[in-house]
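Please look through the sequence and the structure shown here before reading on. The paragraphs that follow go from the parts of one chain to the meeting of two chains.

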Amino acid sequence: MKIEASGLTFQVGDKIILAKVNALLEEGKFIGLIGPNGSGKSTFLKCIYRVIKPTMGAVYLDGKDIAGMPYKETAKRMAVVAQHNFYNFDFKVMDIVLMGRSPHKKMLETDTREDYEIAAESLRSVGMEDFADRHFLTLSGGEQQRVILARALTQKTECIIMDEPTNHLDIKYQLQIMDIVKSLNLPILAALHDLNMAVNYCDYLYALRNGEVVACGKPSEIITEAFLLNLFEVEAEILHGKNGQMVIAYHAGHFKKL
Amino acid sequence: MTFLLVGVLFFSILFAATKGAAEIPVTDTFSAVVYGLTGKTPFHNQVSAPVFDIIWMLRLPRVVLAAATGMGLSVCGVIMQAIVKNPLADPYILGVSSGASLGATAAIMLGIGASLGESFVGLVASGGAFMVSLGVLILSNCGGRPNSIKLLLSGMALSAVCGAISSFIVYFANNIEGMQTITYWLMGSFANAKWENLIVTCTIVLLGVIFFWSQYRILNLMLLGDETAITLGTDLNLYRQLYLIVSALIVGFVVYAAGMIGFVGLIIPHVVRMMAGTDHKRLLPFSALAGAVFLVWSDLLCRSILPRTELPIGIFISLIGAPCFIYLMVKRSGGFGRAHEN
């Protein structure tokens with residue numbers, strides 16, 4: 001499984017949101033997209049999961065241009081966990097997770113025992129097996145996001161794309177979601193706004209600014225104090241925790257005065 | 001559950017057919033129905049010719065039309081709610097019924113579309129219904145994302161326009177008899193049901209229900225929105241238009257056959273959702289059957305509530321439907337976890 005974005009450009013009127021972005025997602029890697037607000041992270045992901053069509057450039061799945069593929073085909077190969085999952089109607093958790101099977105279904109095909117098993121298994125792997133009969137809208141934000149992750153797993157795809165999956169979640173659930181995803185050993189492409197999450201979970205990072213890739217590489221290689229000042233315009237220092245993990249400590253304005 | 005509801009519907013139809021100016025025992029009613037359907041007499045229970053005529057020619061068409069109308073309107077309610085992703089949609093509120101009645105008025109009074117064949121009034125009514133549903137969809141998409149307020153307002157506005165044009169046609173047609181027909185017809189009634197017209201309407205409603213039931217997977221995806229649907233392998237655009245055409249066809253024929261009956265498409269799906277959940281695999285057949293049963297009983301009530309006369313069904317349904325609608329709107333802002341504002 002290989003996803004390759006080649007020269008992806010997206011324009012609205014005169015405004016260039018993505019400018020000739022190249023990126024590569026390979027087997028077994030957790031790839032992070034970082035960058036300030038409005039840098040084009042979401043737009044880039046949306047081009048890949050086909051919600052918007054790039055003005056120029058193309059996305060290749062194992063060498064094949066996705067623009068010519070049926071939506072069902074891409075949905076069988078990449079699953080998406082997006083940041084807003086807000087529904088006007090209240091489904092049961094199981095109903096939502098089972099919808100992950102729809103790319104595998106023909107028009108009149110009904111859900112089989114196997115589909116239920118896959119859905120139940122996915123719920124187990126996100127620790128939500130006891131919630132199958134609950135109503136989605138009665139769940140907390142973290143639980144809802146785990147259900148959406150379970151739906152993505154139910155698609156049985158070769159990779160997962162995530163757009164700020166831990167947005168608005170308590171830190172416990174942020175870590176939980178990231179740990180679950182990390183343990184899947186699938187290729188993951190995720191836009192992350194929390195840099196500490198990005199450096200601790202990703203194998204490789206692409207940094208975007210104004211729709212352009214300004215740096216890419218292993219987190220330990222590209223994340224430096226000068227880089228953070230340059231890209232995010234914040235002062236921070238890079239520390240190392242007990243287990244050797246990187247910690248980015250931001251400098252709050254009032255400390256600087258001392 | 002589906003079978004239970006089919007049973008309830010069957011029993012309701014039979015029971016409703018026994019009631020009227022002359023009470024006819026259920027056994028005779030049953031025999032008359034079987035005789036009418038097959039030409040055979042069950043259990044050697046020969047019914048007299050007048051009884052057969054009352055049941056088969058007068059009451060049964062009426063009851064069957066009530067059932068078909070309830071079925072069609074509730075299913076169209078479910079579909080429109082899925083199309084606009086909002087539980088407040090229904091053919092009446094979105095102005096689709098007004099579009100249908102404008103079409104029918106134009107067809108009856110001005111003879112528009114007479115070249116379309118026997119059921120041209122129904123077809124023109126469907127055309128009107130379709131134009132309005134398309135109009136509502138376009139209007140509510142103007143200037144950013146559609147939301148429930150924009151939908152309801154566009155529905156209201158188009159409904160008013162259609163109502164005005166209908167009144168204009170009726171007023172200037174200078175046809176007292178036609179005027180009376182239209183006025184009564186707008187109040188909604190099953191009194192003029194005849195087998196000849198009924199067959200087309202019933203066929204369209206039944207085929208429509210089966211078609212939509214087969215689409216349950218896509219209808220579920222519709223509620224999750226376009227983006228999620230694409231990531232799950234379905235582009236909704238085409239389906240939305242197809243569903244709009246099919247539901248306009250159903251609403252058109254139902255309005256032509258029974259007049260304006262509001263709120264059924266709103267209340268029935270809502271109640272069924274509370275009991276059976278949001279999954280369209282269950283929601284769709286349950287709503288269809290529950291809607292049919294509901295209108296059969298409402299019609300029975302309308303026939304028996306006032307001595308020696310009957311209440312037009314449209315009036316009755318609006319009287320109970322409007323408060324339910326207000327209740328839903330109030331409840332929406334008060335939590336409940338079922339529906340939120342976008």
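Domain bounds, as used here, come from an automatic or database domain assignment. For chain A that assignment gives domain 1 (3-223) and domain 2 (225-258), and the C-alpha centres of domain 1 of chain A and domain 2 of chain A lie 28 Å apart. This is a predicted model, in which local features need pLDDT of at least 70 and side-chain atom pairs count only at pLDDT 80 or more, while totals for chains, interfaces and linings use all residues. Residues are numbered from 1 along each chain as its sequence is written, and chains are lettered from A and ligands numbered from 1 in the order in which they are written.

Where the two domains of chain A meet, 13 residues of domain 1 and nine residues of domain 2 take part in the contact, two residues being in contact if their C-beta atoms, placed from the backbone, lie within 7 Å. On the side of domain 1 of chain A that touches domain 2 of chain A, the elements giving two or more residues are α7 (195-201), β9 (204-209), β10 (212-217) and α8 (219-222) of chain A; here helices (H or I, at least four residues) and strands (E, at least two) are DSSP runs, numbered from the N terminus. Of these, α7(A) gives the most, with four residues.

Between the chains, 24 residues of chain B are in contact with 23 residues of chain A. On the side of chain B that touches chain A, α9 (216-224) and α10 (226-231) of chain B each supply at least two residues, and α9(B) gives the most, with five residues.
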